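Me: Could you walk me through how to read a contact between two chains? I'd like the general idea and then the case at hand.

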Amino acid sequence: MTTKIIEMGPHQLALEEPMYFRVQLEGDRVADLDVMPGQVHRGMEHLVMRRNLYQNITLLERLCSLCSNSHPSTFCAAVEDVAGIAIPERAEYLRAVADEIKRIASHLFCCAVQANAIGETTLFRRVMEIREIMQRAKEAIYGNRMDLAANVIGGVRYDLTPEAASYLAQAMEQMKKPLDELYLQFGNNPVLMGRMAWVGVLPREAAVECAVVGPVARACGIDYDVRKKSPYGAYDRLDFEVALQTAGDVRARNMVRLAEARQSVSLIEQCLAKLPVGPLSADTLPEIPAGEAIAKSEAPRGELMYYLRTDGSDFPVRLKWRVPSYMNWDALKVMLKGEPVANIPLIVNSIDPCIACTDR
Amino acid sequence: MAIQEQETAAEPVRLFRINTGSCNGCDVELAVTSAVTEFDVEQLGCRYTESAHEADIVLITGPLTVRARDEVLRLYAATPRDRITVAVGVCPVSGGVFRDSYAVDGPLERHLPVDVNIPGCPPRPLALLAGIRQALEVRRARRAGEPIREPGDRKQPAADNFPARGRLSFDASACVDCRMCRHVCAAGAIRFEEGEGGVRLTLWHNSCVFCGLCSHYCPTGALSVTGDWRLDHPAADAFRQVERGEVPYQPCAGCGEPIIPAAPQLLHAVFRRPNPEIEKLKNLCPACRQRMSIGVPRR
């Protein structure tokens, strides 16, 4: 059998972001691969230390636009922990609403891109059209379709007026049927089954070893969701089940995502029903003392961790991340081993890799 | 008998995308213009291509990272010489929030010629389409050897009533020169200059990321977010895309020292109903204010 090494870039991988792989082939099967990261390295660790805590809210929102709300909300949670600020209850619910809206849009984008990767153009367009309901809702409520600008230190800076809340409820109603349909389609459609079932399998043991998180872990039967394991914000008052699958293949990962998107609809509805009246923010310009804190949240791609150290000035002394895609990348080696070259784009996209988050 | 049908449809204009290390916001929105009927570039007679050598219009996103630079320049060199280059989002133009990083080698114009800018963070799909339309006009004009036609009506379609976060607007009469806006601006888009007659604020739309944090923290509402998102422009006009205003100095009613008096908006925010006593104080410099209220200036 011939061994050869090929390089694959964003155009071959059907990725939106520049990511390069060096793939070692035996015949037409993948034997090994190396990820060549760094294309999207913008020096974030350096930048956050040169921006004050307020500027960092906006900067971190642009760390990655697909999980854009998770970054500032987790950062603000860390700052609030250092300063001992308890955010108002209304703000907790509004943060959950923003997070869940982003989760639905992010999961749908991932499913759409995978449909595109296997040449299912009609399905790709259909999923993107469904996602538009969320994009419209984001723009109508927050004023931007990607970066919501929902968070400030001490709470949120947007409000849901009764009109906005009923508009959002209506959008959620519109999402239900298409999401149920997509769940059935990704689960049972023979064409999609043929391409996605038993493809890119990550066995449970390997998943534990790679410490994967998010939908990639939950598709292997690992019951781990930060919203349940260590509830933050309003999540201890919201009712939902952790979406689980056991097969660990591409299909299972998408089933987890679509089940979660459907749950997010329910979570948003619960937030709207329970939304208490009250202030949006604890304090406009709170004093941030010296200290350190860790905050974590369940971003669309999995557990997101922030470490923050402050010295009493309004510049952070240190800010470190652990982003979900970092561990999930590593698992690609296991998923791709023995797979034909033609399956590489699909499998790579099935972990929903966020290069912007990981390269930083 | 088969009739050879004459080719009447015009060849589509081919769009080629290069990501130079973006946060993926612009790229996801560009994907929307290839997937969602309402925003499809086909309505402009365009189509996306995956090969650089077919590019009629090159759409570039991201602040150009050091690591991506060589690959970007290699790809760009593979595009035809008569391509039109569009900078999508503010990152390629100014670096946006990523400016001043060791890992960023922008602005893009240092490395290759840019024809059209589409500010936004990210630009909404309609703004992308407007920018691509502008690029098509540059292409047409260049091919015909004519000057570029000014886009006639820059007004937004009436049906579009989304309160999108667009261009910031500055009301100098409400500004009290506290400079909180500059303090919270992650992109460094706001500049204050002290001149002879007053303090001047300049806000550059090609650096602004439209997060609205300046307006959130502005105590008097001097800065406000407008819904105007039509900001695409020829790259040559990049530095004319500014919001400006001058807050004039006024002589202190006591000593004549030039001061920025407190705007009525600030007095209302602080006192709700300012009394004549307070109204009198607002025209005094800090030293005269102290003299008037406690008799002597504090040391």
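Reply: Here is a short tour of the interface, followed by one residue.
This is a predicted model, where local features need pLDDT of at least 70 and side-chain atom pairs count only at pLDDT 80 or more, while totals for chains, interfaces and linings use all residues. Residues are numbered from 1 along each chain as its sequence is written, chains are lettered from A and ligands numbered from 1 in the order in which they are written, and side-chain values use heavy atoms, with hydrogens and water left out.

Me: How much area do chain B and chain A bury between them?

Reply: Interface size is often given as the accessible area lost when the parts come together. Here chain B and chain A bury about 4,700 Å² (1.4 Å probe, summed over both), with 53% of it on carbon and sulfur atoms. Each chain puts 55 residues into the contact (heavy atoms within 4.5 Å).

Me: How many salt bridges cross the interface of chain B and chain A?

Reply: A salt bridge pairs a side-chain nitrogen of Lys or Arg with a carboxyl oxygen of Asp or Glu within 4 Å. The rule finds four across this interface; Arg124(B) and Glu139(A) meet in a salt bridge at 2.5 Å, N to O.

Me: Is Asn117(B) buried or exposed?

Reply: Buried means under 20% relative accessible area, exposed over 50%, and partly exposed in between (1.4 Å probe, protein chains only). Asn117(B) has 3% relative accessibility, so it counts as buried. Beyond its neighbours within four places in sequence, Asn117(B) is in contact with residues including Ala87(B), Val93(B) and His233(B).

Technical notes
Buried area is the accessible area (1.4 Å probe) that two parts lose on being put together, summed over both.
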